[in-house]
Amino acid sequence: CGAIQYRVTGKILGFQYCHCSRCRRFTGSAHAANLFTHPDQLTWLSGEDSVGKYLLDAEPPFPTSFCKGCGSSLPSMSSTGKYWVIPAGTLDEDPGLRPARSIFWDSRAPWYEHVSELPMHAEWPED
């Protein structure tokens, strides 16, 4: 919705797909696509008061953030406070790197099929 903006400066520490059940439920997808950076490298530019936060009471804790207006996922500080978890789909620009790995692969959704194994269409398929 554009109510919230943030900026990442400095080095991205990593980029990975996570197939754990928590990430699948939070994203509503087969996996999360997350980037990571140090705490001092993310700055809220606008709308920080519209950032909703939820902490799943589990071990380990699982913090998530979202826009209170439209529900979109947003960066969350890790439960250790050592890094930001940034949903890649929230970026406006190419981060300049690609996912390096898939984690929690054994927890992947039983229906998951790798995208390279599926037909690809530029737009809506005609069928």
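This is a predicted model: local features need pLDDT of at least 70, side-chain atom pairs count only at pLDDT 80 or more; totals for chains, interfaces and linings use all residues.

Visitor: What makes β6 and β7 a pair, then?
Guide: Strand β6, residues 62–67, and β7 have two bridges between them, in the antiparallel sense. The cut-off is at least two bridges, so they qualify as paired. As for who faces whom, serine 65 has leucine 74 of β7 as its bridge partner, and phenylalanine 66 stands opposite serine 73 in β7.

Visitor: How many bridges join β5 to β6?
Guide: Six, and these strands run antiparallel too. With at least two needed, that pair counts as well.

Visitor: Why are β5 and β7 called edge strands?
Guide: The sheet is open, with the order β5-β6-β7. β5 (51–56) and β7 (73–74) each have a single partner strand, so one side of each has no neighbour in the sheet.

Visitor: Is threonine 37 buried or exposed, and how do you know?
Guide: Threonine 37 has a relative accessible area of 0%. Buried means under 20%, so threonine 37 is buried. This residue is found in strand β3, residues 32–37. Setting aside residues up to four places away in sequence, threonine 37 touches Val8, Thr9, Lys11, Ile12, Leu13, Tyr83, Trp84 and Ile86.

Visitor: What makes the link between threonine 37 and glutamine 41 a polar contact?
Guide: Their side chains are joined at 2.6 Å.

Visitor: Which residues have the most contacts inside the largest nonpolar core?
Guide: Ile4, Leu35, Leu42, Trp44, Leu74 and Ile86, in a core of 13 residues. β4 (42–46) and β9 (84–87) each supply at least two residues of this core. There's also a second, separate core of five residues, including Cys20, Cys23, Ala32 and Phe62.

Visitor: And what does isoleucine 86 touch?
Guide: Leaving out residues up to four places away in sequence, isoleucine 86 touches Tyr6, Val8, Ala33, Asn34, Leu35, Thr37, Leu42, Pro75 and Leu91.

Definitions and conventions
Residues are numbered from 1 along each chain as its sequence is written. Side-chain values use heavy atoms; hydrogens and water are left out. A nonpolar core is a set of buried Ala, Val, Leu, Ile, Met, Phe, Trp, Tyr and Cys residues joined through side-chain atoms within 4.5 Å. Buried means under 20% relative accessible area, exposed over 50%, partly exposed in between (1.4 Å probe, protein chains only). Helices (H or I, at least four residues) and strands (E, at least two) are DSSP runs, numbered from the N terminus. Contact means heavy atoms within 4.5 Å. A polar contact is a pair of N or O atoms within 3.5 Å; within protein, one must be able to donate a hydrogen and the other to accept it, and residues adjacent in sequence count only if both atoms are side-chain atoms.
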